[in-house]
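Thanks for coming, everyone. Please bring up the sequence and the structure, and we'll walk through it together.

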Amino acid sequence: MEVRVQNVRKEFDRFPALHEVSLDITSGELIALLGPSGSGKTTLLRLIAGLERPTAGRIFFGDEDASEKSVQERNIGFVFQHYALFRHMTILENVAFGLRVRPRSTRPASGEIRRRALELLDLVQLSGLEKRYPSQLSGGQRQRVALARALAIEPRVLLLDEPFGALDAQVRRELRKWLREIHDRTGHTTVFVTHDQEEALELADRLCVMSQGKIEQVGTPDAVYDHPQSPFVFGFIGESSTLPVEAVNGGLRLDDQPIGIASDAEAGASRLYFRPHDVELVEGDAALHGTVAGSRRVGGTRRVELDVGSNHRVEIDLPFDHPAAESSRISFRPKRWTLFPAA
Ligand SMILES: Nc1ncnc2c1ncn2[C@@H]1O[C@H](COP(=O)(O)OP(=O)(O)O)[C@@H](O)[C@H]1O
Ligand SMILES: [Mg+2]
C-alpha cells in the first residue's frame with residue numbers, strides 16, 4: 001500500500017513536533033525514519049498509524065484520504081520497542097489475538113486462525129515454541145513474536161518503532177538481517193524507525209533523515225551517504241570532518257593559506273566537509289597541514305586526529321601501518337568533499 005504524507009504539521013500544546021512534513025512511501029518498500037532522539041520519528045509514525053491526528057495536512061493510503069480514519073480502519077501492524085506481549089497468553093494465542101478479536105463477519109474460522117498463526121511462527125522461525133509463554137523466551141524471540149502478531153492481521157502497512165532498540169548489539173544485527181529477509185518474502189510496505197544509522201543503512205531501501213521536526217533528506221542509503229544535502233546529514237550519516245574555509249580566487253583557503261582545493265564557490269566564508277577515508281597524503285604547500293594529536297586503530301585503518309591550527313581538529317584515515325607519531329606533521333588533501341554555506 002502506498003502512503004502519502006502531505007504537508008503534515010503536528011503540535012503538542014503549541015510545541016511543533018513536526019513542521020510541514022511531506023513524504024511519499026512507495027508500495028512494498030522498506031523505508032527507515034532516521035534521526036536523533038526528539039527529531040519527530042515516533043510522532044510521524046503515530047500519525048501514519050492514526051494514533052495521533054495531524055494539526056494540519058493529510059495522510060493518504062493509496063487514493064484514499066485516511067486522515068480521519070481510526071487505527072482499526074487503517075489496518076496497521078505495529079511493533080514497538082517495548083510492546084509487551086500478553087503475558088498470560090501462549091505464543092500461539094498472542095499471534096492469533098488480532099484475528100480472534102475481529103467481528104464475527106470478518107473473523108476466520110478457528111482452525112484457519114490456528115493454521116495462519118502457526119504459519120507465521122514458522123516464518124519468524126519460532127516453530128515448536130507455540131505453547132510457551134512470553135516469559136520463557138529471550139528478548140529477540142519476543143520481538144519476533146511481536147512481528148508475527150503484527151503480520152497476522154494482514155496489515156496494509158507495517159510500522160516498527162525501534163523494535164530492536166532494547167536488545168544487545170549481536171542480536172540486533174541478526175534480527176536486522178532476518179527482518180530484511182522477511183520483508184523481501186512478504187513484500188509489506190514497512191516504515192522502520194531507528195536512531196541507529198548502521199541499522200538504517202543496512203536495512204532500508206530508502207532513508208528519510210529527520211532533524212528537529214523536519215525531513216532533511218530522503219533517498220537510497222548510497223545517495224544519502226554519497227550526496228548529503230545539508231551539513232546535518234553530512235555530520236549525522238557516516239564519519240565526517242569539517243573546517244571553516246574561505247573561497248578566494250577559485251580556490252579554498254584555511255587561515256589565509258591555500259589548501260590545494262579548486263572551487264568555483266562564491267567568494268566568502270563556507271564550511272568544508274569530507275570523510276576521513278576520502279583523503280590522500282600530498283607533498284608541497286598547497287594542502288592541509290596538521291600535527292598528529294592522537295591516533296587509534298579502527299579495523300584495517302588508522303584514524304588520526306590532526307590539529308590543523310587555530311583550534312581546528314579533523315580526523316583522517318591512514319593505512320594502519322602508518323606511524324602517525326604524536327606531534328609529527330602530515331600534509332593531506334580531501335579527494336572528495338562538499339562545501340556548504342557558513343552557518
Ligand atoms: N505526547 C506528547 N506531548 C508533548 N510533546 C511530545 C509528545 N510526543 C512527542 N513530543 C515531543 O515532540 C518531539 C518529537 O518527539 P518524538 O516524535 O518522540 O521524537 P523521536 O521519536 O524522534 O525521538 C519531542 O520534542 C517530544 O518531546
Ligand atoms: Mg521515538
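How do α4 and α5 lie relative to each other, parallel or oblique? Keep in mind that this is a predicted model. Helix α4 covers residues 110-123, and its packing angle with α5 is about 135°. The two axes are 9 Å apart. An angle over 145 would count as roughly antiparallel. So α4 and α5 are oblique to each other. Their crossing is right-handed.

Who makes that contact? From α4 we have Arg 116, Leu 120 and Leu 123. From α5 we have Ala 148, Leu 151 and Ala 152. Five of these residues are nonpolar, one is charged, and no polar residue takes part.

Now the other pair. Helix α5, residues 139-152, also packs with helix α6, residues 169-186. Here the angle is about 20°, and the axes are 11 Å apart. Under 35 degrees counts as roughly parallel, so that is how α5 and α6 run. This crossing, too, is right-handed. On the α5 side, the contact uses Gly 140, Arg 144, Leu 147 and Leu 151. On the α6 side, look for Val 171, Leu 175, Trp 178, Leu 179 and Ile 182. The tally is seven nonpolar, one polar and one charged.

Last stop, ligand 1. The residues around ligand 1 include Phe 12, Phe 15, Pro 36, Lys 41 and Thr 42. Zoom in on the backbone. A polar backbone atom of Gly 38 sits 2.7 Å from an oxygen atom of ligand 1. For Ser 39, that kind of backbone-to-oxygen distance is 3.1 Å. For Gly 40, a backbone N or O atom is 3.0 Å from a ligand 1 oxygen.

Key
Residues are numbered from 1 along each chain as its sequence is written. Chains are lettered from A and ligands numbered from 1 in the order in which they are written. This is a predicted model: local features need pLDDT of at least 70, side-chain atom pairs count only at pLDDT 80 or more; totals for chains, interfaces and linings use all residues. Side-chain values use heavy atoms; hydrogens and water are left out. Axes are lines fitted to C-alpha atoms, for helices over the stretch in contact, and angles run from 0 to 180 degrees between N-to-C directions. Helices (H or I, at least four residues) and strands (E, at least two) are DSSP runs, numbered from the N terminus. Angles under 35 degrees count as roughly parallel, over 145 as roughly antiparallel, 65 to 115 as roughly perpendicular and the rest as oblique. A crossing is left-handed if the near helix is turned anticlockwise from the far one by less than a right angle, and right-handed if clockwise. Contact means heavy atoms within 4.5 Å. Ala, Val, Leu, Ile, Met, Phe, Trp, Tyr, Cys and Pro count as nonpolar, Asp, Glu, Lys and Arg as charged, and the others, Gly among them, as polar. A residue is near a molecule or strand if one of its heavy atoms lies within 4 Å of it. A polar contact is a pair of N or O atoms within 3.5 Å; within protein, one must be able to donate a hydrogen and the other to accept it, and residues adjacent in sequence count only if both atoms are side-chain atoms.
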